[in-house]
Amino acid sequence: MTLRKIKEILQAEVICGEEHLDEDVKFAGASDLMSDVLAFGQPGILLLTGLSNFQSVRTANIIEAKTVVYVRGKKPDKQGIKMAIEKGIPILSTKLMMYKACGLLYSLGIPGVDELQGKK
Amino acid sequence: MMMSAENVLSQSFEIIGRDFSRAGSVSTKVKEILQEIGIDSIIIRRAAIAAYEAEMNVVMYANRGELILTITPKKIHFKVEDKGPGIEDIELAMQEGYSTATDEMREMGFGAGMGLANIKKNADQFEISSTPGLGTTLDITLYLNQAEKR
C-alpha cells in the first residue's frame, strides 16, 4: 500500500517527505516504547507511535523505518523534523488514536511486523 | 579518526550523562561512519541498535561516558565505559523488563528494561562488567564475516 493511500485512510497530515508518498509500505508496528521498537523493528517498517520527542525520529533512523506516523495529533519537534528531512524519513500525523489507526491499517491489509517475520 | 598501518580504525566519542537533547547523537554518527566504510547493511543495523541502547544507558544512568569504536577488517567493536552508579546485580539487569528507570527516562521512550538484552541480541559477543559506585563497561563485538562468528 502506498503512503499516499495510508495518508488518506488515516486522514493524516504530511509533516515532511511529500516526495515519498508514492512509495510502498508492506508492514507496520506500533509502540511508544523506543526500546521495544529497537527490539522488533525491521527495515521498511511503518512505525505508529505517540512518542513525539526527538528520540522517535532517531529510533526510526536507527532501525531504518520507512515512515513514522504520529497518532493523536502529535508531531515531532523541530529537531525531529530536521533529522527526518535529512535522513529522508517521511512523517505523517493523524488525529486518530493509536488503536483506531492500527485497526484501520490492519483491516485494510497491512500486516504486523511479527506476521511478516513468521512468513519468512 | 585514526587509521593505523594494520588497517584499524579507531575513534572515541564522549557521551554526556543526563543530556537528553543530545542522546543518540553518538550512535547516529557511528552509523554514518559504518555506512561510509560500506559495511553490510544488516550488520550496520545491528551495530547501530547496540550502540544506541548502550549510549542511552550512559545518558540515562551515568554522569559521563565514552564509546570507543574500533573497526578492523574482521570486526566492529564498541567499548562503552561510564562513570556512574554501576550495576549491583548484572544478572537481574540483563532480564527483559527489569528497569530502574525514572519517569523522565520513560518519557523519552526508554527505560523499559530492554536495553541490555537488546544489545546482547544484536551483538555476536557481549561482555559487561560493573563496579557499584564507580561505573560500567560494555564490550560489544560484531563480526563482519558472519561465518567467523564463533
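**Exercise 1.** Find which residues A:Thr59 touches, leaving out those up to four places away in sequence, and decide whether A:Thr59 is buried or exposed.

*Solution.* Bear in mind that this is a predicted model.
- Step 1: Locate the residue. A:Thr59 sits in helix 3 (residues 54-63) of chain A.
- Step 2: List its partners. With that sequence neighbourhood left out, A:Thr59 touches A:Met34, A:Val37 and A:Leu38.
- Step 3: Look at one partner. A:Met34 is 25 residues apart from A:Thr59 along the chain, yet their C-alpha atoms are separated by 6.6 Å.
- Step 4: Count the surroundings. A residue is buried if 20 or more other C-beta atoms lie within 10 Å of its own. A:Thr59 has 28 of them, so this residue is buried.

**Exercise 2.** Work out how helix 1 of chain B and helix 2 of chain B pack, and which residues meet.

*Solution.* 
- Step 1: Take the geometry. Helix 1 (residues 25-37) and helix 2 (residues 41-61) of chain B have axes 8 Å apart, at an angle of about 160 degrees.
- Step 2: Classify the angle. Because angles over 145 degrees count as roughly antiparallel, helix 1 of chain B is roughly antiparallel to helix 2 of chain B.
- Step 3: The crossing of helix 1 and helix 2 of chain B is right-handed.
- Step 4: Name the contacts. From helix 1 of chain B, residues including B:Val30 and B:Leu34 meet residues of helix 2 of chain B, among them B:Ala48 and B:Tyr52.
- Step 5: Sort them. The residues of this contact comprise 8 nonpolar, 2 polar and 2 charged.

Notes
Residues numbered from 1 in each chain as written. Chains lettered and ligands numbered in written order. Predicted model: local features only at pLDDT ≥ 70, side-chain atom pairs only at ≥ 80, totals over all residues. Axes fitted to C-alpha atoms, helices over the stretch in contact; angles between N-to-C directions. Helix = DSSP H or I, 4+ residues; strand = E, 2+ residues; numbered from the N terminus. Parallel < 35°, antiparallel > 145°, perpendicular 65-115°, else oblique. Left-handed = near helix turned anticlockwise from the far one by under 90°. Contact = placed C-beta atoms within 7 Å. Nonpolar A, V, L, I, M, F, W, Y, C, P; charged D, E, K, R; others polar. Buried ≥ 20, exposed ≤ 12 C-beta atoms within 10 Å, placed from the backbone.
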